[in-house]
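Dear colleague,

I am handing over the structure we spoke about, and my notes on it follow below. Please read them with the model open beside you.

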Amino acid sequence: MSFLKKLFRKKMDKTRVRENVETLLDDEEACATAAAEAFAKCDTKGTGVLDKKQADKAINTLIGAQENEKGIPKHLIKEFIQDLDYDGEGGISQEEFVTAAWDILSKYHEKELAKEAGEAEPSDDSGSEEEFEEEED
């Protein structure tokens with residue numbers, strides 16, 4: 001993503017994202033389908049495995065964040081990605097991503113509800129893509 005596009009990204013529409021997340025949490029099959037679609041969209045190299053930057057994008061796609069929005073804060077993405085790599089091979093397979101999708105949405109939703117209730121630490125709303133930029137091939 002170019003510097004100017006990063007600079008002018010807008011904050012994520014949390015109402016739209018919350019509605020999307022709640023809809024997916026109500027239907028595990030729809031959640032699995034959405035996760036598979038997000039994975040396929042973000043597996044731009046066609047390897048069947050996502051690197052950290054691709055996983056970041058896939059998680060944001062899964063929750064319904066738009067391309068021009070900042071997305072989930074870095075510290076949450078990092079936490080989610082650490083939980084995803086079950087086999088320890090360094091990449092995230094489609095099976096790992098789809099299996100973990102409901103848990104990711106659930107954790108994100110819980111954190112957002114806690115934040116609204118004033119129970120969570122303030123988060124960095126700067127987005128997450130920059131953290132993984134240097135790992136790009």
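I begin with a glutamate: at 28% relative accessibility, E79 counts as partly exposed, because that value lies between the cut-offs of 20% for buried and 50% for exposed. Please keep in mind throughout that this is a predicted model. The side chain of E79 meets that of K111 in a salt bridge, with 3.5 Å from N to O. This pair links distant parts of the chain, since E79 sits in helix α5 (residues 74-84) and K111 in helix α6, 32 residues apart. K111 is likewise partly exposed, with a relative accessible area of 30%.

As for the overall layout, the protein chain has six helices and two strands, and from the N terminus on its elements run α-α-α-β-α-α-β-α. Of the 137 residues of the protein chain, 39% count as buried.

The structure holds five salt bridges in total, and besides the one between E79 and K111 I would point out two others.

Turning to the aromatic side chains, the count comes to one aromatic pair. The pair is formed by F39 and F97, whose rings are 6.2 Å apart from centre to centre with 50° between the planes, an arrangement that is classed as tilted. That class applies because an angle under 30 degrees would count as stacked and one over 60 as edge-to-face. This pair, too, links distant parts of the chain, with F39 in helix α3 and F97 in helix α6 (residues 94-116), 58 residues apart. Both F39 and F97 are buried.

Which residues form the negative surface patch? They are E19, E22, D26, D27, E28 and E29, and the elements that give two or more residues to this patch are α2 (14-25) and α3 (28-42). E28, one of the patch residues, is found in helix α3. With a relative accessible area of 59%, E28 is exposed, because the value is over the 50% cut-off; a patch residue needs over 30% and no salt bridge.

Finally, a word on L25, which has its place in helix α2. L25 counts as buried at 18% relative accessibility, because buried means under 20%. The C-alpha atoms of L25 and D103 are separated by 9.1 Å, although these residues are 78 residues apart along the chain.

Methods: Residues are numbered from 1 along each chain as its sequence is written. This is a predicted model: local features need pLDDT of at least 70, side-chain atom pairs count only at pLDDT 80 or more; totals for chains, interfaces and linings use all residues. Side-chain values use heavy atoms; hydrogens and water are left out. Patches are made of residues with over 30% relative accessible area and no salt bridge: like charges are joined within 9 Å, nonpolar side chains (Val, Leu, Ile, Met, Phe, Trp, Tyr) within 5 Å. Accessible areas come from the Shrake-Rupley method with a 1.4 Å probe; for residues, only the protein chains shown count as cover. A salt bridge is a side-chain nitrogen of Lys or Arg within 4 Å of a carboxyl oxygen of Asp or Glu. Lys and Arg count as positive and Asp and Glu as negative; His and the chain ends are not counted. The place of a charge is taken as NZ of Lys, CZ of Arg, CG of Asp or CD of Glu. Helices (H or I, at least four residues) and strands (E, at least two) are DSSP runs, numbered from the N terminus. Buried means under 20% relative accessible area, exposed over 50%, partly exposed in between (1.4 Å probe, protein chains only). Rings of Phe, Tyr and Trp (its six-membered ring) pair if their centres lie within 6.5 Å; planes under 30 degrees apart count as stacked, over 60 as edge-to-face and the rest as tilted.
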